[in-house]
Amino acid sequence: MRGVIRIMKIAVSSLSESTNSPVDFRFGRAPYFIIFEIEGNEIRSHKAIKNPGVTAMSGAGVIAAQTLVKEGVEAVITGNIGPNSFALLKSQGVKIFSGIGGINVEEAVKKYLRGELKESKFPTKGFGRFFGGRGGGRGFGRGF
């Protein structure tokens, strides 16, 4: 008898609805998340969802994190992630892979599947001061 192959969901912050889009360096303010269904070690399907946190006055990261938890995501791949969204995802058992950039969404997932991404133990440092944001990327919705 063959073993049961588990299906998992992985979300990647994206600049557009395309899997060829670059990974967005912002978690809470990424316009889209592309959610991949993984069966075994293969991509089964994917869908793009709009990030409802992108237009929030504050708490964008928390809104985005809540959305992904409701979608049943077990792992998140992104550039930067603030402490509030990081804590919420971790409390729900979601693995976070941050600091990802310079590649497209599909390649990021393939790197994950090959075991080339390292799970983040902490939220990323503030990036706002480097990219012109006012909030310093502290996760309180005052960044970009």
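## Overall fold

A contact here means heavy atoms within 4.5 Å of each other. By that criterion, 53% of the contacts in the protein with a separation of 6 or more are between residues 24 or more positions apart. The structure is a predicted model.

The protein has 4 helices and 5 strands, and their order along the sequence is β-β-β-α-β-α-β-α-α. Of its 144 residues, 46% count as buried. The exposed surface comes to about 7,800 Å², with carbon and sulfur atoms supplying 53% of that area.

## Nonpolar cores

The largest nonpolar core holds 18 residues, and I77 and Y112 touch the most other members. Two or more residues come from each of β1 (7-14), β2 (32-39), β4 (75-77) and α3 (105-113). The largest share, 5 residues, is that of α3.

Leaving aside residues up to four places away in sequence, Y112 touches M8, I10, A75, I77, F97 and L117.

## Helix α3

The buried residues of α3 are V105, A108, V109, Y112 and L113. These residues lie on the same side of α3, because they cover an arc of only 140° around the axis. An α-helix has 3.6 residues a turn, so residues three or four places apart point the same way. The buried residues of α3 pack against β1, β2, β3 (42-50), β4 and β5.

Both ends of the helix have a local feature. At the start of α3, a side-chain oxygen of N104 comes to within 3.1 Å of the backbone nitrogen of E106. Just after α3, G115 adopts a positive phi of about 75°.

S98 is found in the loop between β5 (95-97) and α3. Its relative accessibility is 15%, and the cut-off for a buried residue is under 20%, so S98 counts as buried.

The side chain of S98 makes a polar contact with the side chain of S120, at 2.7 Å. Apart from residues up to four places away in sequence, S98 touches T78, G79, I81, S120 and T124.

Terms used
Residues are numbered from 1 along each chain as its sequence is written. This is a predicted model: local features need pLDDT of at least 70, side-chain atom pairs count only at pLDDT 80 or more; totals for chains, interfaces and linings use all residues. Side-chain values use heavy atoms; hydrogens and water are left out. Buried means under 20% relative accessible area, exposed over 50%, partly exposed in between (1.4 Å probe, protein chains only). Accessible areas come from the Shrake-Rupley method with a 1.4 Å probe; for residues, only the protein chains shown count as cover. A nonpolar core is a set of buried Ala, Val, Leu, Ile, Met, Phe, Trp, Tyr and Cys residues joined through side-chain atoms within 4.5 Å. A polar contact is a pair of N or O atoms within 3.5 Å; within protein, one must be able to donate a hydrogen and the other to accept it, and residues adjacent in sequence count only if both atoms are side-chain atoms. The arc is that of the directions from the helix axis to the C-beta atoms.
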